[in-house]
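These are my notebook entries on how the parts of this structure meet.

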Amino acid sequence: MNSKFWSVLVILSFVIVLVLVLPLGVAPNNASANYKNVTVWTRVNITNSRPEVLNVSFQEVSNASLKNITINAGSSKTIYCNITVRDWNGFNDITYLNATIWHVATANYSTTDNNNSHYVNTSCVYNASTSTYIGWYICGFDVLYYANNGTWICNATVMDTVNTTGFGFGNSTFYPVYALNVTDGIDYGNAAVEDFTNNVTANITNLGNMPINVTVEGYGAKKGDNLAMNCSLGGNITVSNERFSTTDVDWTSKIPLNGSSQMLSNLTLVKQNDSSLITNSTYWQLYIDSTNNPGGNCTGYIIFTAVAS
Amino acid sequence: MTVIFLTLIYSLFSAVAVQAVGISVTKATMEYDNVLKGGYAEDVLSVSTDASFNIPISYELLGDIQNWTSVDPDLNAPNATVFISNAKYQPLRIIVKPPADTPTGTYTGSVRLLTGTLNTPGGQYGSQLQAAFMIRITIKVTGTEFMSCSGAGVILKDTEVGSPIEYSMSVFNGGNIRVKPTATIDIWNQDQTKLVSSKQLDFSNQEVLPTVNQVFFNTFSNNLPIGQYWAYVTVLPCGNSALTTFNVYEKGTMVDSGDLIRVDSPSWAKIGDVVPIVATFKNTGSRTVSAKFKGVITSENKIVETLDSEFYDIAPDEVGSINVYFTPKKFGQYIISGRVLYNNKLSFEKSSVINVNEGVEVAAFNWSYVLIIIVIIIIILLLLIRIRRKKHNIRRL
């Protein structure tokens, strides 16, 4: 009995060793037909993948179908960079996305921010996903009216939760905008007949992104009437009795206005370059000639016409 | 003393009264090449102002071309009510129609756009100002005809059984003679293996003038059964072709429409975290829909969990968030994909990813050890039975 018990125990131990221990000692290798080739298991644990920028495009907020952009004269216009991003850890692994836009001809990626040629947005907004790994982000820029016309690039840099980055870019064209802003009236005040009025300043300003020249012409009530003003109690003032100049000079040095366009000589209104608005002054003076018996309140019209420089 | 006081008051009011407004245009020059004698050409610019209030505008035509150039809309028409402001860019078409007897050559002129008077000065003598912009025009007139056109933007809208199919497409005439476009639409089944029907569209014999991009839209009858179809559209005489798709739905289903904008979840999570999953859905239909998110969570191509949210009522044009939760039990990458079910319609599928890389994994019960133990016990029992039988046999003997 005792010997049988021990023989059973030995057999059982042998079985246990076979079942439990031996498999641990067998490598999971598959020998192929050619004995020199051995397939070995390899394993790598990929913990993170780098985010990628797949596509960058510009668009106007008000009209998404327009690839090229017309900025607003004298104000700003919001434009978007639409950025498509892929991350194999899921698009929601992206923690940060910034975008930079710059004017190709006058700036580059690392130029200091300025409203003419370089804008940065460090807080782009996640908008939607287009698939499991692809997200769509929007970066808005309020572009000012004097931003240079021509080709602009939008560069997007994306970062994920472990600070790996990717980047991509797209381009667009900003159209030229020609814009003239003028003082909305020239008020000579009160004056007696045969008097010269004081010098009155009329400001003209370029509120576009292109240089312009300006012409002036005058009329009393109807174009070509050769008058500067018509008066409420009858009478009028001849157009040549209203004079102008681009510098502050006396009456005799000023140029008589007439009924056809006269260029403001030596004056090109270049586009603005920064937030300190540059206005150009024109100086105006009126002689109250008694010849045509002006009486009461006298008013006329002056047209400031811009032309491309 | 009184005079000085009055002078000061006058100066103050004069200074405040000085405002400034202007005019802006998007093109300073316009060039028309190869315009046929007796033909037609147009170009478009936009005019605006920096003023926050409405300003009237007018135009003047100057130079060689003034008798055969026009502006649309006609700002000078007696009943014209076109105003510009900083909130409104006014598009203007500058149209040129050289007479048939115009000699071949290059002609120049200008279009001057003028604002109305900007303000009335308050003093005895004053000038009201107008801002204007002179646009230079160059027109090259030719006697040689040429035809060039292209079709684009072909769209066939989804429809319901028995309802007409709405279509739209644009034709651009890049030549200098009129084009009378037509189109053929070949409708194929979902697999594009069988031609289901063909339609010939003549656009009511409408003409497209040179330099004009014209959009055509209309409907044609539909006797197609429910399903997805492909339309192969050829625009003649341009020769362009386009392939597009549309669906024919059951009656009544077109009323509801919506868009699953995205599915949000944290990108990284720990084992045991209760992870919120938010589906953002926009109701683009005309009535309130009852919407729920239905989806699955998969890992290594195996479904780990199904998702089925509560119903949420979402009003027309509203964006609603539908919440579900998930608790990962293992390390790995989980893909959440799903659709929104709204009034028995399904949205397109959207998905998101959760990466689980922290926490303690609950060890799975290893059934192989149990099996080994059972096998061992059975062997022992068999051996014991055999020993007992042997003993029993020995005793018998």
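I count two strands as paired if DSSP finds at least two bridges between them. Helices (H or I, at least four residues) and strands (E, at least two) are DSSP runs, numbered from the N terminus. The model is predicted: local features need pLDDT of at least 70, side-chain atom pairs count only at pLDDT 80 or more, and totals for chains, interfaces and linings use all residues. Residues are numbered from 1 along each chain as its sequence is written, and chains are lettered from A and ligands numbered from 1 in the order in which they are written.

Entry one: strand pairing between chains. I found strand S12 (residues 186–189) of chain A running antiparallel to S9(B), joined by 3 bridges. Within S9(B), I noted Ser127(B) as the bridge partner of Ile186(A).

Entry two: the chain contact. I looked up the residues in contact (C-beta atoms, placed from the backbone, within 7 Å). Chain B brings 58 residues against 59 residues of chain A. Among the elements of chain B that each supply at least two residues to this side are strand S8 (105–115), strand S25 (332–342) and helix H2 (367–396). S9(B) gives the largest share, 10 residues.

Technical notes: Two residues are in contact if their C-beta atoms, placed from the backbone, lie within 7 Å.
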